[in-house]
Amino acid sequence: MRVSIHLLGRFSVILDNTAIPATDWQRDRAAALVKLLAISPGQRVHREQAMAAFWPDLDIDAAGANLRKTIHFARRSLGVHELIEVSNEIVCLGPHADVEIDVELFSAAAKAALRGNNPAAFEAAADLYGGPLLPDDIYVDWLDDPRRQLQQRYIELLRAGGLWQRLIAVDPADEQAQCALMQAALDAGNRVEAIRQFNQLRDSLHAELGVGPSAATIALYEKALSLSGPDTVNPSERIRASLAWGLVHLQSGEFDRASQIARQTRDLAVGAELAREAGEASALLGLAANMQQQWPQLFRSEFIEWVRTAPGFVRHVFDGHLCLSEFCLCSASGHAEIAELAEELLTVAQDAGSLAGCGLANLLLGEVALFSGELDEAESRLTEAERLLLKAGAVAGRVLAIERLAEIALERGQKWRANRLIRRGLTDAEVSWLAPHLIMRMQALAVRAAATPKQVAAEILIGDRLLGNGACQPCSIALRTASAIALAEAGDLEQVDRRLNEAERIAGMWHGGPWAAALWEARGVQRRAQSNEVRALAAFEEAASRYQELGRPRDRSRCLARMRPDS
């Protein structure tokens, strides 16, 4: 019998040219056993190795019983009993069959190509890499090392073979690859392609790492701009170069210089009526101020200036400050300072007749009311914010208002209403330049609002794909935490620890705030699912205490309720 197993980019098993339907793998653990055997040398593992991988917390008798059941179901899914044999404590896949596994084919071809210097061999080996190892199992611990090793070997192969387009498909933020493609485009006289590559790199670095291109890359971009002479370069191209230089100064700690570039660039963007670029310049200005603990003061002066002098462009400037306003609302000092600021700004906006200004101030006040547990006040403010921001054409702010209204619906147990709001918010978010942030936040709510176990699993999978495509790390914390809680409550503990560890790593970049409290709460859910009630109660108590310090009474009450025996 010929057995072909695909693990790169997907999971499938083909027996004598007939694929086993996905529906035949009704038991996840049965498929997992086949995967474990397929990636193991010689397609064999000791039974204790399999038990340690799948049931590390069970005693040997219970784990052994589970393994026997798993082997039974795996054989039934394969349809051929002899394809899995157990002999002398060794579990083996296809000992008497002709077994072909794509991982082994790729590894052998890559090893051979790297020994030589044949461009065709590099390309042929790369063709065998169908994608990351078992991408739907990204939270399975025993796949971490082989997945990382295979991807590193693939990247090594692409770099050695100069297969730059394939490399940026794996990592769009790979600066070496993007620069090589920019240089190749310049050598061919194709300035348009060089500029496109720069913009792709710039967007990827910003989304995934929160940084900008290096000085050498910007210089290459400016060389592309100069090819056709200054008269043919459009303003947006010059502005992007200026913004990139601003980020270089910001990352070097030259905050005053970064602020100066941001202001100059924003003036150019407004003059050219470039909305996104004006927002990005405002974000750069805000980041420089935040690095110096001066963002609230900057935002106040910016708000007053723009609602009074440039009402038609004010929503784009505010877009650049939205992430920082959300960051400050979630700071360790709580939301009281932002509440005072928003009250003042609402008066200013009303006096100036600014729809966008009134909408943003109501958004902030609605969020403060929500965090303070005043749901009726929050709903009133946020509904008004959505109405005003819709009239003002301020998409990002409106999506944030919808997100908070969905949270209120969840607080009231109205999942049907939350889901309607989430779908609307996701649709609107797609057209915003802040889409990577907004969609990530909305997806966290989609996990919480899912009504059935099947819907929960589907929403978690969508979220995992978003995370795999590069994500704003702070915006990903809520999604990682919501997914971990949903899995723990469903008794699916295998992935929970990994998700929470990653969320804790990201949250550790900031001190205090609701992220830390939410993670304590999630750990409590995990410990309870592990039948460790003492540690669960301690985690819920810590979460409740932290929420109280932040002035979030409803979150505190929820954690205290979890401490009751009947919760």
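Predicted model: local features only at pLDDT ≥ 70, side-chain atom pairs only at ≥ 80, totals over all residues.
Helix α20, residues 415-429, and helix α21, residues 435-449, have axes that come within 9 Å and cross at roughly 160°. Because angles over 145 degrees count as roughly antiparallel, α20 is roughly antiparallel to α21. The crossing of α20 past α21 is left-handed. On the α20 side, the contact is formed by Lys415, Ala418, Asn419, Ile422, Arg423, Gly425, Leu426 and Ala429. These residues meet Ala435, Leu438, Ile439, Met442, Gln443, Leu445, Ala446, Arg448 and Ala449 of α21. Sorted by class, the contact between α20 and α21 holds 11 nonpolar, 3 polar and 3 charged residues.

A second pair consists of helix α11 (residues 235-251) and helix α13 (residues 275-291), which pack at an angle of about 10° with their axes 11 Å apart. Angles under 35 degrees count as roughly parallel, and α11 and α13 are therefore roughly parallel to each other. From α11, the residues in contact are Ser236, Ile239, Arg240, Leu243, Gly246, Leu247 and Leu250. Their partners in α13 are Glu277, Glu280, Ala281, Leu284, Leu287, Ala288 and Met291. The contact of α11 with α13 comprises 9 nonpolar, 2 polar and 3 charged residues.

The crossing of α4 and α6 is left-handed. Helix α4 contributes Val103, Phe106, Ser107, Ala110, Lys111, Ala113 and Leu114 to the contact, while α6 contributes Leu150, Arg153, Tyr154, Glu156, Leu157 and Ala160. By class, there are 9 nonpolar, 1 polar and 3 charged residues in the contact of α4 with α6.

The whole structure was also searched for cavities, and 1 cavity of 30 Å³ or more was found. The volume of the largest cavity is about 50 Å³. Its lining is made up of Arg315, Phe318, Asp319, Leu322, Ala356, Leu360, Leu389, Ala394 and Gly397. The elements that supply two or more residues to this lining are α15 (314-329) and α17 (355-371). Helix α15 gives the most, with 4 residues. In terms of class, 6 nonpolar, 1 polar and 2 charged residues line the largest cavity.

Methods. Residues numbered from 1 in each chain as written. Heavy atoms only, no water. Axes fitted to C-alpha atoms, helices over the stretch in contact; angles between N-to-C directions. Parallel < 35°, antiparallel > 145°, perpendicular 65-115°, else oblique. Left-handed = near helix turned anticlockwise from the far one by under 90°. Contact = heavy atoms within 4.5 Å. Nonpolar A, V, L, I, M, F, W, Y, C, P; charged D, E, K, R; others polar. 1 Å grid on protein atoms, 1.4 Å probe; cavity = no way out; pocket = protein on both sides within 12 Å on 5 of 7 lines; lining within 4 Å. Points joined across faces, edges and corners; volume = space filled by probe spheres on them.
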